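Notebook open, model loaded. I'll jot down what I look up, one entry at a time.

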Amino acid sequence: MSCGQPGGRRDHGGDIDVARARFGAGDWIDLSTGINRRPWPVGPLPDHAWQALPTAAAEARLIAAAAGWLGCDPARLLPMAGASAAIQLIPRLLAPGRAAVIAPSYNEHAASLRAAGWQVHQVPDIAEMAGADLAVVVNPNNPDGREWQPEALARLAGTVGQLVVDESFADPRPDLSLARQAPDNTLILRSFGKFWGLAGLRLGFVIAAPALRDALAQAAGPWAVSGPALEIGARAMADRDWADDAVLYHSEASLRLDRLALAAGWRAAGGTHLFRLYDTPDATAAQEALARAHIWTRRFPYSATWLRLGIPGSHDEWDRLKAALRPSHSSKNTSG
């Protein structure tokens with residue numbers, strides 16, 4: 001099963017310019033990604049964060065805050081320019097061989113492996129990954145939210161050459177994280193921008209054994225993370241009160257979104273705290289109906305029925321989504 005579009009062009013959420021070009025300018029609500037729409041409040045930054053090259057001390061502050069949040073050894077933690085930077089680099093640091101990748105899943109993993117000369121086999125479950133030179137698991141998975149317990153992934157690591165676990169959506173679910181007990185042949189990817197709602201900062205992390213961590217650091221080059229990203233990341237990841245509130249909000253909001261979708265005639269197909277996946281009668285029609293209300297969502301080229309929605313972030317966004325879904329429900333009832 002392929003997660004990309006024909007011709008090698010990969011689809012992604014967040015393509016709001018496409019929405020504007022097709023459905024007109026205006027006040028859009030972008031629910032096409034799993035990025036928190038209630039971002040951590042940045043506030044003013046000191047001048048040195050903008051004016052000077054990033055310092056070792058600034059990076060050390062971020063690593064300390066991130067290690068505390070993630071529960072990992074700080075010596076294994078490497079800040080990077082988003083988890084996406086690691087996804088592009090890792091296949092080029094290892095000798096190409098046979099890679100097993102969960103499918104459907106985030107499409108950049110398979111694409112970056114193929115570009116680096118790997119033979120990629122997309123498999124439905126980790127039970128089919130044994131013997132691979134490299135295995136890639138997104139946990140919880142994007143877009144269907146499937147989960148694998150850390151103990152199962154640790155066992156998987158013993159049957160493959162290298163294991164990559166993408167935990168970009170795991171911040172609200174520390175029980176799923178392998179960060180505390182990662183085997184030495186495991187790399188864990190973490191995103192900052194999704195849970196903290198600051199994707200434009202381009203900040204992420206790799207947790208890896210020291211030798212591979214150092215190889216990644218050398219490949220990324222000096223000053224791979226900007227001064228503002230170091231400063232904001234360190235402050236945000238130390239703000240546990242905000243994080244607790246964010247987890248609580250999304251726990252309740254995801255259930256609310258499921259209720260609205262059910263009322264619209266859709267069926268829950270999975271998801272995480274930060275996005276929900278639905279099985280609709282026609283994903284293209286459902287996406288276009290919401291787009292006419294200037295609400296952008298995500299459909300997938302390999303499914304005619306799946307539609308993914310991020311979590312609205314305000315009363316106004318909830319009201320607009322509820323109103324936009326109501327005609328869809330009425331239309332379904334009258335046509336059936």
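**Cis prolines**

I started with Pro104, which sits in the loop between β3 (98-102) and α5; helices (H or I, at least four residues) and strands (E, at least two) are DSSP runs, numbered from the N terminus. This is a predicted model, in which local features need pLDDT of at least 70, side-chain atom pairs count only at pLDDT 80 or more, and totals for chains, interfaces and linings use all residues. Residues are numbered from 1 along each chain as its sequence is written, and side-chain values use heavy atoms, with hydrogens and water left out.

The bond joining Ala103 and Pro104 is a cis peptide, with omega about -5°. I found another cis bond from Asn139 to Pro140, omega near -5°. Pro140 lies in the loop between β5 (134-138) and α6 (150-157).

**Positive phi**

Which way does phi go at Arg202, positive or negative? It is positive, about 55°, although Arg202 is not a glycine. I place Arg202 in the loop between β7 (186-191) and β8 (204-207). Its relative accessible area is 43%, so I log Arg202 as partly exposed; buried means under 20% relative accessible area, exposed over 50%, and partly exposed in between (1.4 Å probe, protein chains only).

Trp223 also went on my list, with a positive phi near 55° in a residue other than glycine. I see Trp223 in the loop between α7 (210-220) and α8 (227-237). Trp223 counts as exposed because its relative accessibility is 53%.

**His109**

Next I looked up His109, in helix α5 (residues 107-115). Is His109 buried or exposed? Its relative accessibility is 4%, so it counts as buried.

What does the side chain of His109 make a polar contact with? I get the side chain of Asp166, at 2.8 Å. A polar contact here is a pair of N or O atoms within 3.5 Å; within protein, one must be able to donate a hydrogen and the other to accept it, and residues adjacent in sequence count only if both atoms are side-chain atoms.

Leaving aside neighbours within four places in sequence, I have His109 in contact (heavy atoms within 4.5 Å) with Ile87, Val101, Val136, Val138, Asp166 and Leu189.

**An open sheet**

I traced 4 strands forming an open sheet, ordered β9-β10-β13-β12, with antiparallel pairing; two strands pair if DSSP finds at least two bridges between them. At the edges are β9 (267-271) and β12 (298-299), each pairing on one side only. Between β9 and β10 (residues 275-279) I note 4 bridges, the strands running antiparallel. Tyr278 in β10 is the bridge partner of Ala268.

Helix α10 (residues 283-291) packs on the sheet and touches β12 and β13 (306-310). The direction of α10 makes about 35° with that of β13; axes are lines fitted to C-alpha atoms, for helices over the stretch in contact, and angles run from 0 to 180 degrees between N-to-C directions.

**Whole chain**

I list 11 helices and 13 strands in the protein. The C-alpha trace spans about 60 × 50 × 35 Å along its principal axes. Buried residues make up 53% of the 336. Of the contacts between residues at least 6 apart in sequence, 68% join residues at least 24 apart.
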